[in-house]
Amino acid sequence: MARFAKRAGLLAGGCLILTAGSPAWADTLRDALVIAYQSNPTLESARAQQRANDENVPIARAAGLPSASASGTYTEFLKQSENSFNAPSRTVNAGADLGVPIYSGGAVKNRVKAAKIRVEAGQADLRGTESSLFSSVVAAYMDVIRTEAIVGLNRKNVSVLQTNLQATGDRFEIGDLTRTDVAQSQSRLAVAQSDLRTAEANLAAARETYIRLVGTAPQALEAPPPLPNLPATADDAAAIALDSNPDLIGARERTKAADKDIDVAGAGRLPTVRLFAQGSYNNYLGTLARGVPSSGVSQTDTSAQAGAQLSIPIFQGGLPAAQRRQATATASAALEQEIATERDVIAQVRSAYTSYIASNDLIRSSQVAVDAAGLSLEGVKAENSVGNRTILDILNAEQELLNAQVQLVTARRNAYVAGFTLLAAMGRGEARDLNLDGGTLYDPDLNYRRVRGRFNDWDNDPAPVARSTRTTGTPAQDGEIPASQEP
């Protein structure tokens, strides 16, 4: 297995650097990954969701910060009691309140900790989304290459069978062959034409999938470069995945956050302490005691008070206990989900590794089959020329060669996709692992550091603007391939 560990080339055969000069279409796998990284809507949506997740930290912290409010009221008394001689006709009052939480039973502290942990979990989920997108792009890229090759092979087969039918017809005219030989050639040609139409439809579908993921139509795609850092054994791959797989990291962080939620729920039965200050101002606008002949009545008054408030829960109908039990059960579910994710990761890694090894073995055997089928076809044709083989033997030999060639291109596609899937499951299928660098990699931690300490009530972000590209202007794809790409 050591030979697989040595296949450690970087994508595109060197450092993959995101540059402003990237072409408008993708000719290489590097270009496809770069364009998808910069403009895929699924990835952009995940990034925006993570930015929203970042805001849970300042939201949780706000409950532990001072709060201040002010109010103002103007009142016009339309009718007063007949026995009220000093009631004002109108009044203006203003008030201000200031509250400073001192102790909340640990609810705020643990809620902030849980929010921070969930930010880390969200960042791991974002890595998983990026890795999943790259796996899909690689599969779509290889599907286009495979289906183009299959279309070319089927087109060549149709051409060969057309020539064969013409030759068979000519030989039938001179009595060298029978009507059965002609019918067999006609049947094989009709089947080959049907297979070609199916292959062309599959190619159009593969190209549309590519457009959906990358955002641009595929051009003449180059063969992909070797995959980097493939493991020597399945156990090595699993060990790396247990440390680096983003889905597993996210599950572990959510388990930690759920433990903090238990403490948050338990804080509901603990005392709370807050400081407060209040002030008010009233102005009666010269209408106070209007019916009493008296001087020196003040038309304004003010008041202020400050103090500390202690709240001790005595009985809440079992609410805090139920909330804590609920949080405990949720934490248990998160723990079990972590184990389930761990199982999935191990299964994915082992399955991808086995598929990769099997596909490489199939490549070698398919290449042998192609070479042997080619020799067999030449031999059958030669033997037919001297009467030792029938037309049906030639048709069968041609079909065997086609089947072997299709199996070979399919095995190459499967091997590459399985290899990249293995890297992704190991947590090594992201932009940072593929050297998609150059200063433009998206760093979710930048936004978190930007917003985590903000407390201004008017600190807004700009209105949302779509970052991904649309594909409405992309022409519908077909099953045609350039003549230069035909085998």
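Predicted model: local features only at pLDDT ≥ 70, side-chain atom pairs only at ≥ 80, totals over all residues.
D261 lies in helix α8 (residues 246-266) and R118 in helix α5, so the pair ties together parts that are 143 residues apart in sequence. D261 has a relative accessible area of 24% and is partly exposed. R118 is also partly exposed, with a value of 31%.

A salt bridge also joins E338 and R252, whose closest N and O atoms are 4.0 Å apart. This pair links distant parts of the chain: E338 is in helix α9 (residues 319-385) and R252 is in helix α8, 86 residues apart. E338 counts as buried because its relative accessibility of 16% is under the 20% cut-off. R252, at 25%, is partly exposed.

## Other salt bridges

The structure holds 23 salt bridges. One of them is formed by the side chains of R30 and D31, at 3.2 Å from N to O. R30 is buried, with a relative accessible area of 17%, and D31 is buried as well, with a value of 10%.

Some salt bridges share partners, and in this way R155, R197, E200 and E480 are joined into one network.

## Surface patches

On the surface, K109, K113, K116 and R452 gather in a patch of positive charge. Among them, K116 has its place in helix α5 and is partly exposed, at 35% relative accessibility.

A nonpolar surface patch is made by I102, Y103, L270 and L275, and its area is about 350 Å². Y103, one of these residues, is found in strand β2 (residues 90-103). Y103 has a relative accessibility of 41% and counts as partly exposed.

## A residue in helix α5

Is N164 buried or exposed? The residue sits in helix α5, which covers residues 107-173. N164 counts as buried because its relative accessibility is 13%, and the limit for buried is under 20%. Leaving aside neighbours within four places in sequence, N164 is in contact with S185, I391, I394 and L395.

## A residue in a loop

L285 is found in the loop between strands β3 (272-283) and β4 (300-311). At 39% relative accessibility, L285 is partly exposed.

Which residues does L285 touch, not counting those up to four places away in sequence? They are Y74, R90, V92 and Q299. L285 and L98 are 187 residues apart along the chain, and their C-alpha atoms are separated by 27 Å.

Key:
Residues numbered from 1 in each chain as written. Heavy atoms only, no water. Helix = DSSP H or I, 4+ residues; strand = E, 2+ residues; numbered from the N terminus. Buried < 20%, exposed > 50% of the residue type's maximum accessible area, 1.4 Å probe, protein only. Contact = heavy atoms within 4.5 Å. Patch = residues over 30% accessible without salt bridge, like charges linked within 9 Å, V, L, I, M, F, W, Y side chains within 5 Å. Areas by Shrake-Rupley, 256 points an atom, 1.4 Å probe, with all protein chains shown as cover. Lys, Arg positive; Asp, Glu negative; His and termini not counted. Charge placed at Lys NZ, Arg CZ, Asp CG, Glu CD.
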